[in-house]
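I opened the notebook to jot down what I looked up in this structure. Here are my entries, in the order I made them.

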Amino acid sequence: MATIIMAMAMSVLDTTIVNVALPSIARQFEVSAASSIWVINAYQMAVLVSLIPLASLGEIIGYRRVYQAGLIVFTIASLVCAFANSLVELTVARAVQGFGAAGIMSVNAALVRFTYPSSQLGRAVGINALVVATSAAVGPTVGSAVLAIADWRWLFVLNVPLGLIAASIAAFTLPHTERMHRPLNYVGAFLHVATFALLVSGLQSLAHEDGKVAAILQLAFGCGFGAALVRHELDRTAPLVPFDLLRIPIFSLSLATGLCSFFAQMSAYVALPFEIQRLGRSAVETGLLMTPWPVAVACVAPFAGRLSDRYPAAILGGAGLITMSAGLALLATFPEDGSAVNLMWRMALCGLGFGFFQAPNNRAMLSAVPRARSGAAGGMLSTVRLLGQTVGAAGVAIFFRAHAEGGAKTALTVATVLSVVGSVLSFSRLRVHQAASPPPPPREAT
């Protein structure tokens, strides 16, 4: 668990830690702010398009091999990022770093399942959820702390010793797992990469006035590749995109619930800083006022994970999302003259609900599939998280473009609705679970 946690923390942290360094990178390379954003986009795009293919590869050659290779690639690419001499070099290195991070994320959940006994799977998933949530939340804070005393290149240098330590531990401790004897699905991998790359790029282009035509073309071609992907994969015994697992009601409902929740979470995370600063708070105050959300997640996630070993995830996750939707609704209607304390407890309420939902939902997804398909389930789990967050961020940009003044409140309102939808989907799993349970044996006549 030490190497799993360390590598996962680095890969998730690098999704947000570089954000605060973009102005410094733009100045040093003498490029525009818009161009510097490719440092972020290249990493996220590489992770998103390669998660499921690498999860499938893990089922074929072993999860630990994919994990170790991803960790080594991530560490080497971090060193290359630190010595990049132009924006193009840095962007390419960040893309390679993203592929390494995808190797870590794609099989992370599967390795957790093979590390802990089934009776304690909820506890393990709770620890994992704590690491993911905390790493994503503290990225900007850690980045600011490093930049206060060092150059932006040190954000990447710090990954090198941590990566070497994690790789050394992994070589001796990661579990060996059974493998599936089948060839790698190259056509499916190509169609998957093309589909997600075009769809995500098209959504991001919609936020720019001059990119509307390009966005429509990208979305159209993305849908075309997606249709071809479905036709190619649907009837395969072990498809790259696990359509076979989507036929399991608990798994598909958990995926849909997760997609709604991560869309809502990222929409709020992106919109809230704008809304808080519109109310007259400084950038530093904004960061402090948002802190209760990740703190609440960190406190609740391990506890929720343990509860999920004893109680249905349908109830725990549904209650968590209802709580989160209440917090989001209170934030969307926050008064102009509201106090900092009133804002902070609303943030804490959102974090409490999200933390109570995440670990039980992840446990339900993993435990619903055969152990041999844990890699595919873990890849889908990470893909849904990143897809929900990516689409949520793109959605906020579109809301701001449509209505600059009220864009933040619109995003928070949409996030509230999606959180409610997620809670309904979560509670519906209880009915599916009861329907799938065998009836009790008849009592013998006395």
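**Valine on the outside**

I started with valine 73, which is partly exposed, with a relative accessible area of 35%. That is over the 30% a residue needs to join a patch, so I checked for one. I found valine 73 in helix α5. Together with Val88, Val92 and Val96, Val73 forms a nonpolar patch on the surface. The four residues have about 320 Å² of accessible area together. Helix α6 (residues 87–115) gives the largest share of this patch, three residues.

The protein averages 81, and 92% of the residues score at least 70. Where pLDDT is low, predicted coordinates should not be read in detail.

**Inside the cores**

Which residues touch the most other members of the largest nonpolar core? I got Val47, Tyr67, Ile104, Met105 and Leu111, out of 34 residues in that core. Helices α1, α4, α5, α6, α7, α9 and α10 each supply at least two of the core's residues. The biggest giver is α6, with nine residues.

I then picked isoleucine 104 and skipped its neighbours within four places in sequence. Its contacts are Ala7, Met8, Ser11, Tyr67, Gly70, Leu71 and Phe74. Apart from this core lies another one, with 24 residues, including Ala109, Leu366, Ala377 and Leu381.

**A glutamate and a glycine**

Is glutamate 233 buried or exposed? I found it buried, because its relative accessible area is 0% and the cut-off for buried is under 20%. Glutamate 233 sits in helix α11 (residues 212–233). Beyond its neighbours within four places in sequence, glutamate 233 is in contact with Asn185, Gly188, Pro239, Leu240, Val241 and Phe243.

Last, I checked glycine 395, in helix α18 (residues 374–402). Glycine 395 also counts as buried, since its relative accessible area is 10%. From glycine 395 to valine 414 is 19 residues in sequence, and I noted 9.7 Å in space, C-alpha to C-alpha.

Terms used: Residues are numbered from 1 along each chain as its sequence is written. This is a predicted model: local features need pLDDT of at least 70, side-chain atom pairs count only at pLDDT 80 or more; totals for chains, interfaces and linings use all residues. Side-chain values use heavy atoms; hydrogens and water are left out. pLDDT is the predictor's confidence in each residue, from 0 to 100. Patches are made of residues with over 30% relative accessible area and no salt bridge: like charges are joined within 9 Å, nonpolar side chains (Val, Leu, Ile, Met, Phe, Trp, Tyr) within 5 Å. Accessible areas come from the Shrake-Rupley method with a 1.4 Å probe; for residues, only the protein chains shown count as cover. A salt bridge is a side-chain nitrogen of Lys or Arg within 4 Å of a carboxyl oxygen of Asp or Glu. Helices (H or I, at least four residues) and strands (E, at least two) are DSSP runs, numbered from the N terminus. Buried means under 20% relative accessible area, exposed over 50%, partly exposed in between (1.4 Å probe, protein chains only). A nonpolar core is a set of buried Ala, Val, Leu, Ile, Met, Phe, Trp, Tyr and Cys residues joined through side-chain atoms within 4.5 Å. Contact means heavy atoms within 4.5 Å.
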